[in-house]
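I opened this entry to keep track of what I looked up in the structure. The notes go from the whole chain to its parts.

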Amino acid sequence: MGRADTHLHTHFSGFNQLGNAMKFPESVITPETQLDQMRRLGYQVLAITDHDEIAGAFQGEKYARKFGDIDLIVGEEVTTLDGEIIGLFLTEKVPRGLSVEETVDIIRSQGGIVIAPHPFSFHVPGLQEKILALDIDGFETVNGGHPDYYSNMFARKVMDAYPGRWADLAGSDAHSVYTAGTCWTEFEGNSADDFRDSILKRKTRGCGKAADPFTQVQWSMEVVIGGQKLLMDKLRNRLEIAEGDQLAQKIDRISRLMAGTGIIAGSAYLFPPITCLATALSLLYLRRGSKRMTAKMDERLERIGRIIEGIDSGVPYDDGEKMFQVRNKRIEKAAKKLDG
Ligand SMILES: [Fe+2]
């Protein structure tokens with residue numbers, strides 16, 4: 001049995017936004033560092049899936065060729081108006097900001113595999129019930145970035161209720177070396193071709209669990225320290241900018257005053273009470289959210305059953321306007337975020 005992780009990030013993933021003002025790097029690690037770590041952990045197949053970028057995956061692919069024991073798949077986690085979707089075995093960058101259907105068509109036109117990451121997440125952009133009728137190959141039943149007790153558990157329930165319908169996958173969603181290695185996808189064989197075959201035959205199995213919330217703190221500290229190093233490089237005129245490296249490009253564009261302010265703000269974040277408080281607040285949020293979602297779980301599973309029955313019978317399930325209202329609201333919000 002081979003082990004794959006089809007959801008890895010590097011510093012090519014650019015920025016995330018907290019509120020309206022605060023932007024922070026998604027990751028500060030290089031494709032080479034991520035690969036070295038995963039090789040040490042015993043994986044045979046990996047996919048680098050940066051947000052809306054594939055330059056880091058190509059860089060990783062080149063590096064992986066130096067070793068005989070690991071296959072690197074070029075992937076991308078694409079931001080669509082409906083939520084995030086992953087394309088694997090890509091040859092070209094897929095544009096962000098389209099509908100998920102258009103995005104899937106582009107991935108398919110490159111001969112790619114389509115995966116829904118964290119489909120039922122209540123705290124990051126998952127595709128939710130949209131996956132049911134979508135042309136996907138599989139979805140994540142374990143996402144390493146979801147320590148809440150609802151999102152992965154619910155995805156597992158949906159997967160197990162319809163055996164053979166989708167490939168069962170686990171992706172660490174690791175943006176840091178600290179958050180990698182707690183989950184993996186088992187498949188027959190040990191190469192990327194074997195893995196692709198297993199997905200198409202629905203013979204994969206998502207294993208493991210989400211990373212410990214403490215590792216998310218390590219990730220955030222890694223991001224702050226790595227970000228400060230880049231800001232220092234900017235102030236010393238030593239910043240290196242690779243093609244597709246959104247992080248270095250962004251830091252290159254900011255003023256020297258802004259870079260100095262960022263170094264001071266970052267140092268304040270590293271002060272232990274703030275990191276501990278941030279972790280405690282996020283755990284509280286995840287617990288409350290999980291409780292709220294779990295209370296509606298049985299009703300949601302029933303509704304999913306009716307939607308699937310509708311798809312299979314050709315008589316679409318109609319729940320009035322509700323599905324459209326929810327979707328339109330989500331699209332409006334996503335479009336606003338993309339414009340910003
Ligand atoms: Fe991700």
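What radius of gyration would a compact globule of 340 residues have, and what does the protein chain have? I work from a predicted model here. A compact globule with 340 residues would have a radius of gyration near 20 Å, and the protein chain has 20 Å, so the two agree. I then took the box along the principal axes and found that the C-alpha atoms fill roughly 65 × 45 × 35 Å.

Entry on totals. I counted 11 helices and 11 strands in the protein chain. Of the 340 residues, 43% are buried. I also looked at contacts between residues at least 6 apart in sequence, and 66% of these join residues at least 24 apart.

I traced an open sheet of 9 strands in the order 9-8-7-6-5-4-1-10-11, with mixed pairing. Strand 9 (167-171) and strand 11 (205-208) are its edge strands, each pairing on one side only. From one strand to the next, the twist averages 30 degrees. For a parallel pair I looked at strand 1 and strand 4, which are joined over 3 bridges. There, Ala4 stands opposite Val45 of strand 4. Helix 1 packs on this sheet and touches strand 1, strand 4 and strand 5, its direction making about 145 degrees with that of strand 4.

Entry on strand 6. How many of the residues of strand 6 are buried? I found 6 of the 6 residues (83-88) buried, so the strand is largely enclosed by the rest of the structure. On one pairing, strand 5 (residues 71-80) runs antiparallel to strand 6 over 6 bridges, and a hairpin of 2 residues links them. I noted Val78 and Ile85 as bridge partners in this pair. Strand 6 also pairs with strand 7 (residues 113-116), again in the antiparallel sense, through 3 bridges. In that pair, Ile86 stands opposite Ile115 of strand 7. Helix 3 (residues 100-109) lies across strand 5, strand 6 and strand 7, and runs at about 5 degrees to strand 6.

Entry on the core. Which residues touch the most other members of the largest nonpolar core? This core has 63 residues, and the ones I listed are Leu46, Ile73, Ile85, Ile115 and Phe139. I followed up Ile85. Leaving aside neighbours within four places in sequence, Ile85 contacts Val78, Thr80, Val100, Thr103, Val104, Val114, Ala116 and Leu127. For background, I note that nonpolar side chains tend to be buried together in soluble globular proteins.

Entry on helix 1. I found Pro31, Gln34, Leu35 and Met38 buried in helix 1 (residues 31-40). Why do they fall on the same side of helix 1? They cover an arc of only 95 degrees around the axis, which puts them on one and the same side. These buried residues pack against strand 1 (2-8), strand 4 (45-51), helix 2 (55-64) and strand 5. Just after helix 1, Gly42 takes a positive phi of about 90 degrees.

Entry on helix 2. I listed Gly56, Ala57, Phe58, Gln59, Gly60 and Ala64 as the buried residues of helix 2. Their cover includes helix 1, strand 4 and strand 5.

Key: Residues are numbered from 1 along each chain as its sequence is written. This is a predicted model: local features need pLDDT of at least 70, side-chain atom pairs count only at pLDDT 80 or more; totals for chains, interfaces and linings use all residues. Helices (H or I, at least four residues) and strands (E, at least two) are DSSP runs, numbered from the N terminus. The radius of gyration is taken over C-alpha atoms; the globule rule is 2.2 Å times the number of residues to the power 0.38. A residue is buried if 20 or more other C-beta atoms lie within 10 Å of its own, exposed if 12 or fewer, and partly exposed in between; C-beta atoms are placed from the backbone. Two residues are in contact if their C-beta atoms, placed from the backbone, lie within 7 Å. Two strands pair if DSSP finds at least two bridges between them. A nonpolar core is a set of buried Ala, Val, Leu, Ile, Met, Phe, Trp, Tyr and Cys residues joined through C-beta atoms within 7 Å. The arc is that of the directions from the helix axis to the C-beta atoms. Axes are lines fitted to C-alpha atoms, for helices over the stretch in contact, and angles run from 0 to 180 degrees between N-to-C directions.
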